[in-house]
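The entries follow in the order of looking.

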Amino acid sequence: MNEKLGSQHGPPTVNPPFKPFGNALYGAGSGLIRGGLGAYGGRILGSGSEYVQSNISKYFSDPQYYFQVNDHYVRNKLKIVLFPFLHRGHWTRITEPVGGRLSYEPPINDINAPDLYIPCMAFATYLILAGISLGLSGKFSPEALNWQFVKGSVGWFLQVILLKVSLISLGGGEAPLLDLLAYSGYTFTGMCVAVLGRITLNYAYYLIIVWTCLCMGIFLVKTMKRTLFAEARGYDSTKHHYLLLCIALAQFPLIFWLSSTASWY
């Protein structure tokens, strides 16, 4: 009886092998999206499969890439963000050939790679410190903390727009969105220091925040110059320098505004 059933149903099926996370820069983050959109583009454009997949990868790279970090990376990255003038190494990202293309190493293997772990943790810490500051001043309320969240989100968005517009002005603008989100989010590490200074050191806060603005400006200038601007299609040295100066100067009003927790209205 068992032999008859076995002969009717045939040999047992074998599940396909699991494919671990591979190419971080060029992966679209979902096999369903890549396969579905690729096939659809192929039917319409002939060779449109590669076009569709490459454009998805260009703007929405795999989020897993930005969370491949360890303790060693986090410590060293914080040193670079908070003390960029002490960084003696290069600022360019490490590449490796994958499938005939150049792919970037993940953060765990490259200190200059962008990550989203530090920005997300810094943003959460910023909200906690803002809540403590509001509580110590007797102005804490759910509405006040919600306002700090809105301010932080708007500030992060404005920083992304600033970097995006700078790239477009140079004829580029093709950097992955998550890259810009990561580089912009590092600003919150400096703001955590500034808000902590406001809580503990009173008037010394103003010196700390000026120092923080300088460090964040230097970090973003170095990063944009060596990592993002280098990929722009056009190059104008004068425009390049003015844009870098604007990015650095923009950190002062942005960080002063976001680190202020005296009132929420």
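I took buried to mean under 20% relative accessible area, exposed over 50%, and partly exposed in between (1.4 Å probe, protein chains only). The model is predicted, so I noted that local features need pLDDT of at least 70, side-chain atom pairs count only at pLDDT 80 or more, and totals for chains, interfaces and linings use all residues. Residues are numbered from 1 along each chain as its sequence is written, and side-chain values use heavy atoms, with hydrogens and water left out.

Entry on ring pairs. I counted rings of Phe, Tyr and Trp (its six-membered ring) as paired if their centres lie within 6.5 Å; planes under 30 degrees apart are stacked, over 60 edge-to-face, the rest tilted. I found 13 aromatic pairs in the structure. I looked up Phe 123 and Phe 149, which pair edge-to-face at 5.8 Å centre to centre, with 65 degrees between the planes. Phe 123 is in helix H5 (residues 117-136) and Phe 149 in helix H6 (residues 142-169), 26 residues apart. Helices here are DSSP runs (H or I, at least four residues), numbered from the N terminus.

Entry on burial. Phe 123 counts as buried because its relative accessibility is 11%. Phe 149, at 39%, counts as partly exposed.

Entry on Trp 156. I noted that the rings of Phe 123 and Trp 156 have centres 5.7 Å apart and planes at 45 degrees, so this pair is tilted. Trp 156 lies in helix H6 and Phe 123 in helix H5, so the pair ties together parts 33 residues apart in sequence. Trp 156 is buried, at 13% relative accessibility.

Entry on the cluster. Ring pairs join Phe 123, Tyr 126, Phe 149, Trp 156 and Phe 188.

Technical notes: Helix = DSSP H or I, 4+ residues; strand = E, 2+ residues; numbered from the N terminus.
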